[in-house]
Amino acid sequence: MDYQMYQSFRDQLVIAPTEGLVTVELSTLGGDPEVARMMGEDIRFHSETEPQRRFVFLGKAAIYSAGTTFMSFFARENRYLTRGTRLMIHERLLTKTIQISGPLTTCIPAFKATLNEIEASIAIQNEGFANLVHGSKVALDEVTRRAPENWYVEANEALELGLIEGIL
């Protein structure tokens, strides 16, 4: 999921039917979580402001990482997976080097800025996890416990857990 995909998504959203069923099909090994959130916010906005349209997610084969984030923006009753599809749920990743150089009092802000970035990213991540499990049998604590180890959920398990409405 990247900015090129987002542009294509937006272009297709503009020409999608103005009423009835609008199906968004996706297979992805992941990508930029902020792109997934932008696409998801478009789905949330249109779902709330255009009740004459029903936005449905259809995940195929692999819905990993940012794809699962995107799926979480669809109402649980509008989430479907094809047989054998796997979801992968994990924590956001950060790779960063902090270089300390200069007067001691100028070193503290660099550490605090990184800590603030980490804390804000955790809050955003947990909002996505909460969206994903809303209306399901999965507690938020379970997701936050399993996500650091890359939690893979097969379509049948996703259905049993109430993360999706059905399997096609």
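**Pockets, helices and backbone**

Modeller: Helix 4 gives the most to the lining of the largest pocket, with seven residues. Please keep in mind throughout that this is a predicted model.

Biologist: In what pattern do the helices and strands of the protein follow one another along the sequence?

Modeller: The protein has six helices and six strands. Read along the sequence, these elements follow the pattern α-β-α-β-α-β-β-α-α-β-α-β.

Biologist: What share of the contacts in the protein with a separation of 6 or more comes from residues 24 or more positions apart?

Modeller: For the setting, the protein has 168 residues, of which 39% are buried, and its C-alpha atoms fill a box of roughly 60 × 35 × 25 Å along the principal axes. Among the contacts with a separation of 6 or more, the share that comes from residues 24 or more positions apart is 71%.

Biologist: Which residues lie nearest the centre of the largest pocket?

Modeller: About 380 Å³ of space lies in this pocket, and helix 2, helix 3, strand 4 and helix 4 each supply at least two residues of its lining. By class, the lining has nine nonpolar, nine polar and six charged residues. The lining is made of 24 residues, and those nearest the centre are P33, S65, T69, R92 and Q125.

Biologist: Which elements give two or more residues to the lining of the second largest pocket?

Modeller: The second largest pocket holds about 260 Å³ of space, and its lining has nine nonpolar, three polar and one charged residues. The lining counts 13 residues, with F9, Q12, T23, V24 and E25 lying nearest the centre. The elements that give two or more residues to this lining are helix 1 and strand 1.

Biologist: Within what arc do the buried residues of helix 2 fall, seen down its axis?

Modeller: Helix 2 has 17 residues and reaches 24 Å from its first C-alpha to its last, close to the 24 Å expected at 1.5 Å a residue. Its buried residues are V35, A36, M39, G40, D42, I43 and H46. Seen down the axis, these buried residues line one face of helix 2, because they fall within an arc of 150 degrees.

Biologist: How far apart are the end C-alpha atoms of helix 4?

Modeller: The buried residues of helix 4 are C107, T114, Q125, G128, F129, L132 and V133, and they pack against helix 3, strand 3, strand 4 and helix 5. At 1.5 Å a residue, the 30 residues of helix 4 should span 44 Å, and this agrees with the distance between the end C-alpha atoms, which is 44 Å.

Biologist: What is the phi of S65, which is not a glycine?

Modeller: Most residues other than glycine have a negative phi. A61, placed in strand 2, has a positive phi near 65 degrees although it is a residue other than glycine. S65 lies in the loop between strand 2 and helix 3, and it is buried, with a relative accessible area of 17%. The phi of S65 is also positive, at about 55 degrees.

Methods
Residues are numbered from 1 along each chain as its sequence is written. This is a predicted model: local features need pLDDT of at least 70, side-chain atom pairs count only at pLDDT 80 or more; totals for chains, interfaces and linings use all residues. Side-chain values use heavy atoms; hydrogens and water are left out. On a 1 Å grid over the protein atoms alone, a cavity is a set of points where a 1.4 Å probe fits but cannot get out, and a pocket is an open set with protein on both sides within 12 Å along at least five of seven lines; lining residues have an atom within 4 Å of a point. Grid points are joined across faces, edges and corners, and a volume is the space filled by probe spheres set on the points. Helices (H or I, at least four residues) and strands (E, at least two) are DSSP runs, numbered from the N terminus. Ala, Val, Leu, Ile, Met, Phe, Trp, Tyr, Cys and Pro count as nonpolar, Asp, Glu, Lys and Arg as charged, and the others, Gly among them, as polar. Buried means under 20% relative accessible area, exposed over 50%, partly exposed in between (1.4 Å probe, protein chains only). Contact means heavy atoms within 4.5 Å. The expected span of a helix is 1.5 Å times one less than its number of residues. The arc is that of the directions from the helix axis to the C-beta atoms.
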